[in-house]
Amino acid sequence: MVSVQWLGGLFAGVTGLGSTLLLVPVMLPLAGLLLAIAFGGRHPRRIVLALLPLGLVAAVGIAAVVLEADAPLRYDLGGWAPPLGVTLQADGLSAVLLLVTSVVMLAVGLYAWPGFGVPPGSSETRTSFAFWTLLLGVWGGLNLVFLGQDLFTLYVALELLTFSAVPLVCLDGRADTLQAALRYLLFALLGSILYVLGTALLYGQFGTLDIGLLRDRLAAAGALPPAAIAAAALMTVGLLAKTALFPLHLWLPPAHAGAPPAASAILSALVVKASFVLIVRIWFDLMPALLTRSAAEVLGVLGAVAIVYGGALALGQARLKLLVAYSTLAQLGYLFLIFPLATSPAGNATGEVLTGGMLQLAAHACAKAAMFLAAGLIATSLGHDRIGELAGVGRALPLSVLAFGIAGLALVGIEPSGAYLAKTLLDGAAQASGQWGWGLVMQIGGLLTAAYLIRVFFHALSGFARPPALRARPARYQELLVLGLALCSLALGLLPPAYLAVVTVGRVAAAGGGLP
Amino acid sequence: MSDATLFGLCGAALVGLGLYGLICHPGALRKLLAFNLVGSGVFLLFGAVARRGAASGFGGDPVPQALVITGLVVAFAATALAVALVVRLAQAAGRTDLDPEPPARSEATPERPS
């Protein structure tokens, strides 16, 4: 097979780039952004769809190199090592996140192709231009957050991400989405300013911003100085506001439910995860000493409340997209259970817990993107997304409903799904460390998830005799794409353990305390 | 009291005032101004850090100053984006407050094309 050989050759070429490969995920979106703004018109859409597959190849290449070498990839920009220079680094965590991002991005880009085109007769429309350029901005911001190794670079990346994500919420310009976008922006700004305040305190105390160097200096300092604890608290709270964990979640449901479906998918599947990953970096990489039982339990309790509260509110929603948005609130809670679970006094379960957390993140990203996209297909076809009036939609749009259903089942965590494997790993850690309470919370969350999905199925699968009149029929390829994304989430649990081990690459050094 | 301590305390006071405004004022424009106040406080703190952390022979550590310039640009962009949103919201809804009890949303629901 010539094509297979060609692909193999391409892949060998890509992985042969070594650490230079790290530039690709950052350069592609930014170069695309410049090109899209320079050419405008009908071109942004083509540029995005040309670059996204390249991004996927680069992400697969980075993951392969990291897994193969069993060590993080580093690239010093301009050959300047920290503390003077800025470093990009891909450890196992970054590799997984880059991969998830490029898969979801590619699926959403393909899905949005017909919806955000320029209609014949006009040379450029605002919505089309804004959507595709903002998509590139989000992509670049995400990749930089995953690769950045310097607290201030991470701040700039977070801001690029926020400024690209906020306008995606109000693309249609309605008053309620504008208000949702403004509220999102103000929460995000509060979050980033608290993050910078923490950065200032850390720089004032230790004189560097590089995560690796800071970790060494913190470890050398012995007990955490008060400035470091204050900085960690400020940064964590700021990032929690951006992640929309329980008491800081008010902005999320209207913003995620009001955005166009393709934008909602990106916001819910990927954007909120970026700030979560930074919290993981701060607690696991930067200040492992912070990860004591009492401190981690605060985050765990907030996560547990989010699971129950988000699930209960999702159960009461009248509109499908709002239900999916509240479900995001609940699913984000699971991610925060990794903090108390990683503080196992019995032994070092950090690797398993982190693997479980990342699996949950990846499974949720694919499933939630599929749910938002399927809800979008249903809403555009019916002209509304009121759950009580979904009767007959299972007959009228069988593929879309099937995709929504499979994504929902993957979210609940039925047997082969990524969420199932994640919950098994987290549950194992909870049992091993005698913290069975967190396992109970996960079970309650699973029941709530099943309950609100059954409510949707009940309405969607009733009334087969009288299918509703459709305003428009979605393209078959869109339905298949969403189904594929849902199946990705469902099949994640089938990954061989050898691949799952990629998450912990670069983690052993952190546990050993400092670089050689 | 040294200069750096004085500036640090001023920065802390600005951050506190700004946080109060950001949380307690319902109006979006006031929240935005409060955010800028917090930003000024943080940048002042960076300045104090630069003065305190000055290596021998320098008047000040240049790194925090570079960070402040970047931070100013980012805060400026954020303010511009937020003001644009406030203006559009005022045009579309005639109001710019962000009450969590959403009279705007319940008004807007019947207008939504269904």
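The following exercises, each with a worked solution, concern a predicted model.

Local features are reported at pLDDT of at least 70 and side-chain atom pairs at pLDDT 80 or more, while totals for chains, interfaces and linings use all residues; side-chain values use heavy atoms, without hydrogens and water. Residues are numbered from 1 along each chain as its sequence is written, and chains are lettered from A in the order in which they are written.

**Exercise 1.** Determine how the span of helix 15 of chain A compares with the expected value, and state what follows this helix.

*Solution.* Step 1: helix 15 of chain A covers residues 350–382; helices here are DSSP runs of H or I with at least four residues, numbered from the N terminus. Step 2: the expected span is 1.5 Å times one less than the number of residues.

**Exercise 2.** Decide whether helix 15 of chain A is largely enclosed, and examine Ser381(A) as an example.

*Solution.* Step 1: a residue is buried under 20% relative accessible area, exposed over 50% and partly exposed in between (1.4 Å probe, protein chains only). Step 2: because 30 of the 33 residues of helix 15 of chain A are buried, the helix is largely enclosed by the rest of the structure. Step 3: Ser381(A) belongs to this helix and has a relative accessible area of 2%, so it is buried. Step 4: contact means heavy atoms within 4.5 Å. Apart from neighbours within four places in sequence, Ser381(A) is in contact with Leu397(A), Leu470(A), Arg471(A), Ala472(A) and Pro474(A).

**Exercise 3.** Describe the pairing of strand 1 and strand 2 of chain A and the two faces of strand 2.

*Solution.* Step 1: strands are DSSP runs of E with at least two residues, and two of them pair if DSSP finds at least two bridges between them. Step 2: strand 1 (residues 73–76) and strand 2 of chain A pair in the antiparallel sense over four bridges. Step 3: Arg74(A) stands opposite Gln89(A). Step 4: in strand 2 (residues 87–90) of chain A, Thr87(A) and Gln89(A) lie on one side and Leu88(A) and Ala90(A) on the other; all are buried, and both faces are covered.

**Exercise 4.** Characterise the packing of helix 17 against helix 19 in chain A.

*Solution.* Step 1: helix 17 (residues 398–412) and helix 19 (residues 436–460) of chain A pack at about 165 degrees, with axes 9 Å apart. Step 2: this angle makes helix 17 of chain A roughly antiparallel to helix 19 of chain A, a term for angles over 145 degrees. Step 3: residues of helix 17 of chain A, including Phe404(A) and Gly408(A), meet residues of helix 19 of chain A, among them Ala450(A) and Leu453(A).

**Exercise 5.** Summarise chain B and locate Ala78(B) within it.

*Solution.* Step 1: chain B has four helices and zero strands, in the pattern α-α-α-α. Step 2: of its 114 residues, 34% are buried. Step 3: Ala78(B) lies in helix 3 (residues 62–93) of chain B and counts as buried at 1% relative accessibility. Step 4: not counting residues up to four places away in sequence, Ala78(B) touches Phe163(A), Leu185(A), Leu189(A) and Phe35(B). Step 5: the C-alpha atoms of Ala78(B) and Asn36(B) are separated by 9.6 Å, although these residues are 42 residues apart along the chain.

How values were computed: Axes fitted to C-alpha atoms, helices over the stretch in contact; angles between N-to-C directions. Parallel < 35°, antiparallel > 145°, perpendicular 65-115°, else oblique.
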